[in-house]
Amino acid sequence: MQSNLRNLGLTAIALLLFSISGKAQCVTYTISVKGDTINCTDAKGMRQGPWVNRYEEVRGEPGYEEEGVYKDGKKEGVWRLYTLQGDLMGIENYRYGYKNGLQQYFNTMGALVREESWLASNPDNPTETVEVYDINDPKKVYLVQVKLEASTVPHGIWKTYDPLTGRVVEKQNFILGKPDDGSG
């Protein structure tokens, strides 16, 4: 019986230490209306995990809220932007803390009005491998390492839509931050 109580006591202490160490990751945090821990700042002052940022209206620019995940103080993955009334106004994707991949923006009626494509560079290795087609033989493709001059650059097709019809009204292609003039 004493052995069982001792084991039970050790188990309780282990669970308590485990739960304390789990909470110790967040020095500051907020509990959301759903009871989730958000807006966690670790001991190094870096933002970690799920966050909600609120920006009030300033100098005529409408305010908004954004929600997503921070990893070591940098935005990572999908971030959603909302008007202060709660309407979805954008979906952004991040890598290394910079925009990366497809970004979509909506009007107040929920219609898609703009799509952008970005490429983020790894701050530890700011190069990207790109495909380059041979001028004389378009079937030949070479992989070339290119140093990116910025942390994130427009790369891919950008589209502007007519919100009433959903048709593309403007389309532009970017290659590593420069507009594609058709020369490749």
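**Fold, core and pocket of a predicted model**

The protein contains one helix and 15 strands. Helices (H or I, at least four residues) and strands (E, at least two) are DSSP runs, numbered from the N terminus. The structure is a predicted model, in which local features need pLDDT of at least 70, side-chain atom pairs count only at pLDDT 80 or more, and totals for chains, interfaces and linings use all residues. Residues are numbered from 1 along each chain as its sequence is written, and side-chain values use heavy atoms, with hydrogens and water left out.

Of the 184 residues, 24% count as buried. Buried means under 20% relative accessible area, exposed means over 50%, and partly exposed lies in between (1.4 Å probe, protein chains only). The accessible surface comes to about 13000 Å². Carbon and sulfur atoms hold 55% of that surface. Areas come from the Shrake-Rupley method with a 1.4 Å probe; for residues, only the protein chains shown count as cover. Contact means heavy atoms within 4.5 Å. Among contacts between residues at least 6 apart in sequence, 22% join residues at least 24 apart.

The largest nonpolar core has five residues: Leu119, Val130, Leu148, Val153 and Leu176. Such a core is a set of buried Ala, Val, Leu, Ile, Met, Phe, Trp, Tyr and Cys residues joined through side-chain atoms within 4.5 Å. Beyond its neighbours within four places in sequence, Val153 touches Ser117, Trp118, Leu119, Leu176 and Gly177. Leu176 sits in the loop between strand 14 (168–175) and strand 15 (178–179). Leu176 counts as buried because its relative accessibility is 17%.

Leu176 also has a positive phi of about 50°, although it is not a glycine. Most residues other than glycine have a negative phi. Tyr96 is another non-glycine residue with a positive phi, at about 60°. Tyr96 is found in the loop between strand 6 (88–95) and strand 7 (98–99). Its relative accessibility is 22%, so Tyr96 counts as partly exposed.

Two further residues show links across the sequence. Pro126 lies in the loop between strand 9 (112–120) and strand 10 (127–133). At 26% relative accessibility, Pro126 is partly exposed. Pro126 and Ala150 are 24 residues apart in sequence, and their C-alpha atoms are 8.3 Å apart. Leu112 belongs to strand 9. With 22% relative accessibility, Leu112 is partly exposed. Leaving aside neighbours within four places in sequence, its contacts are Gln104, Tyr105, Phe106, Tyr161 and Pro163. Leu112 and Leu164 are 52 residues apart along the chain, with 9.5 Å between their C-alpha atoms.

The second largest pocket holds about 290 Å³ of space. On a 1 Å grid over the protein atoms alone, a pocket is an open set of points where a 1.4 Å probe fits, with protein on both sides within 12 Å along at least five of seven lines; lining residues have an atom within 4 Å of a point. Grid points are joined across faces, edges and corners, and a volume is the space filled by probe spheres set on the points. The lining includes Thr30, Lys34, Trp51 and Glu67. Strand 3 (47–55) and strand 4 (64–71) each supply at least two lining residues. Strand 3 gives the largest share, three residues. The lining divides into five nonpolar, three polar and three charged residues. Here Ala, Val, Leu, Ile, Met, Phe, Trp, Tyr, Cys and Pro count as nonpolar, Asp, Glu, Lys and Arg as charged, and the others, Gly among them, as polar.
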